[in-house]
Amino acid sequence: MTDTDLSPLCIAGPTGCGKTAAALALARRQRVEIISVDSALVYREMDIGTAKPSPQELAEVPHHLIDILSPTESYSAAQFVRDATALVPQIQARGARPVLVGGTMLYFKALFDGLSELPQADPALRAQLDADAARDGWPALHARLAVLDPETAARLPPLDSQRIQRALEVCLLSGEPMSALYRRQRSQGVDWPLLSLEPSDEARAWLHERLAQRFALMIAHGLVDEVRRLRARGDLHPGLPSMRCVGYRQAWELLDENEAAPDLAALQERGTAATRQLAKRQITWLRSMPSRRIVAAQAPDALAQLLAMVAG
């Protein structure tokens with residue numbers, strides 16, 4: 001790869017492993033534009049809990065698919081693939097290299113593997129499923145999914161509300177299991193190089209400490225006040241995809257318990273635990289992508305290694 005190479009490049013990895021820093025370092029060596037691969041960064045007014053790039057970082061290099069939606073809206077893997085693949089030739093036409101950076105592995109998988117034709121979201125059905133979950137709990141809906149689509153249910157935790165809801169929605173709208181629809185003819189996926197910043201197995205303590213420090217900084221920088229402002233809008237609720245994001249869900253719950261003085265120690269504990277679970281899921285997704293080239297995120301020279309891979 002040369003400095004004038006305009007072929008798309010993907011940089012993935014679990015949360016907190018330095019992907020943004022890597023992309024910005026690359027931007028100082030090549031002319032690039034960054035396409036965010038992050039299901040939380042699409043939302044406006046959600047800056048602290050999403051670790052959104054700072055105004056200075058956004059000014060340093062063009063970014064795409066950040067702040068494109070209201071928190072009331074939803075964004076799917078199909079929408080991401082459509083938007084990202086449309087952006088790539090536009091960026092190349094400007095003489096820059098498209099660099100896709102993020103940790104939403106479902107988006108990467110949809111990009112590489114292609115997409116099956118699934119039913120569009122149905123707001124009325126989703127509202128009914130949310131009401132059922134509020135009454136019976138998400139484990140009950142997970143059990144319902146296990147009857148309709150045992151293959152999909154087997155890979156989803158009983159509290160993964162967003163994916164359980166989508167899988168049930170697809171089953172009920174199409175009359176077929178989502179797993180069966182996925183196995184059918186898919187759209188053509190891309191064949192772009194994927195570099196992965198991920199910790200090695202023995203670096204679990206390194207990652208956990210890093211994630212705890214990261215979440216503590218979010219609290220210190222005003223995560224609770226950010227969630228207060230979102231609640232004050234009056235048009236958001238915990239069932240929305242935006243408010244299910246790690247950090248926002250936990251802060252919302254604690255504000256429900258005590259609006260005036262939420263327990264920040266409990267927020268740190270719950271938020272860190274949820275972030276660790278997110279990172280664990282991201283690593284599991286990455287391991288299903290055998291073509292990736294891995295850089296050990298905990299290595300002192302991880303950034304230099306990644307830049308050397310790009311140059312090589």
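Predicted model: local features only at pLDDT ≥ 70, side-chain atom pairs only at ≥ 80, totals over all residues.
Biologist: Is Gln-30 buried or exposed?

Modeller: The cut-off is relative accessible area: buried means under 20%, exposed means over 50%, and partly exposed lies in between. Gln-30 has a relative accessible area of 7%, so this residue is buried.

Biologist: Sequence distance and spatial distance are separate things. How far apart in space are Gln-30 and Thr-4?

Modeller: Their C-alpha atoms are 7.6 Å apart, while 26 residues separate Gln-30 and Thr-4 in sequence. Another pair of this kind is Gln-92 and Pro-8, which are 84 residues apart along the chain and have C-alpha atoms separated by 8.8 Å.

Biologist: Where is Gln-92, and what does Gln-92 contact?

Modeller: Gln-92 belongs to helix α3, residues 77-93. With neighbours within four places in sequence set aside, Gln-92 is in contact with Leu-6, Ser-7, Pro-8 and Pro-98. Its relative accessible area is 26%, so Gln-92 is partly exposed.

Biologist: How do I read a record annotation against the model? Which residues does UniProt place under "binding site"?

Modeller: An unreviewed UniProt entry gives "binding site" at Gly-13, Pro-14, Thr-15, Gly-16, Cys-17, Gly-18, Lys-19 and Thr-20. UniProt also places a feature of that name, again from an unreviewed entry, at Thr-15, Gly-16, Cys-17, Gly-18, Lys-19 and Thr-20. Such annotations may be inferred rather than shown by experiment.

Biologist: Take three of these residues. Where is Gly-16?

Modeller: Gly-16 is in the loop between β1 (9-12) and α1 (19-27). Thr-15 is in the loop between β1 and α1, and Cys-17 is in the loop between β1 and α1.

Biologist: Why does Thr-15 count as buried?

Modeller: Thr-15 counts as buried because its relative accessibility is 10%. Gly-16, at 9%, is buried, and Cys-17, at 4%, is buried.

Biologist: How do I read a pocket? What volume has the second largest pocket?

Modeller: Read its volume, then its lining, then the elements behind the lining. The second largest pocket holds about 320 Å³ of space. Its lining has 14 residues, with Arg-204, Leu-207, His-208, Lys-280 and Ile-283 nearest the centre. Two or more residues of this lining come from each of α10 (204-220) and α13 (264-287).

Biologist: Which element gives the largest share, and how do the residues divide by type?

Modeller: The largest share is that of α13, with seven residues. By type, the lining has five nonpolar, four polar and five charged residues.

Biologist: How do I tell which face of a helix is buried? What are the buried residues of α6?

Modeller: The general idea is that an α-helix has 3.6 residues a turn, so residues three or four places apart point the same way. In helix α6 (residues 138-148), the buried residues are Trp-138, Leu-141, His-142 and Leu-145. Viewed down the axis of α6, these buried residues fall within an arc of 105 degrees, so they line one face of the helix. They pack against α5 (123-136), α7 (150-154) and α8 (161-174).

Biologist: One backbone item remains. What is the phi of Glu-45?

Modeller: Glu-45 has a positive phi of about 70 degrees and is not a glycine. Glu-45 lies in the loop between β2 and α2 (55-60). Asp-67, also not a glycine, has a positive phi of about 60 degrees and lies in the loop between β3 (63-64) and α3. Glu-45 is partly exposed at 43% relative accessibility, and Asp-67 is partly exposed at 32%.

Conventions
Residues numbered from 1 in each chain as written. Heavy atoms only, no water. 1 Å grid on protein atoms, 1.4 Å probe; cavity = no way out; pocket = protein on both sides within 12 Å on 5 of 7 lines; lining within 4 Å. Points joined across faces, edges and corners; volume = space filled by probe spheres on them. Helix = DSSP H or I, 4+ residues; strand = E, 2+ residues; numbered from the N terminus. Nonpolar A, V, L, I, M, F, W, Y, C, P; charged D, E, K, R; others polar. Buried < 20%, exposed > 50% of the residue type's maximum accessible area, 1.4 Å probe, protein only. Arc of directions from axis to C-beta. Contact = heavy atoms within 4.5 Å.
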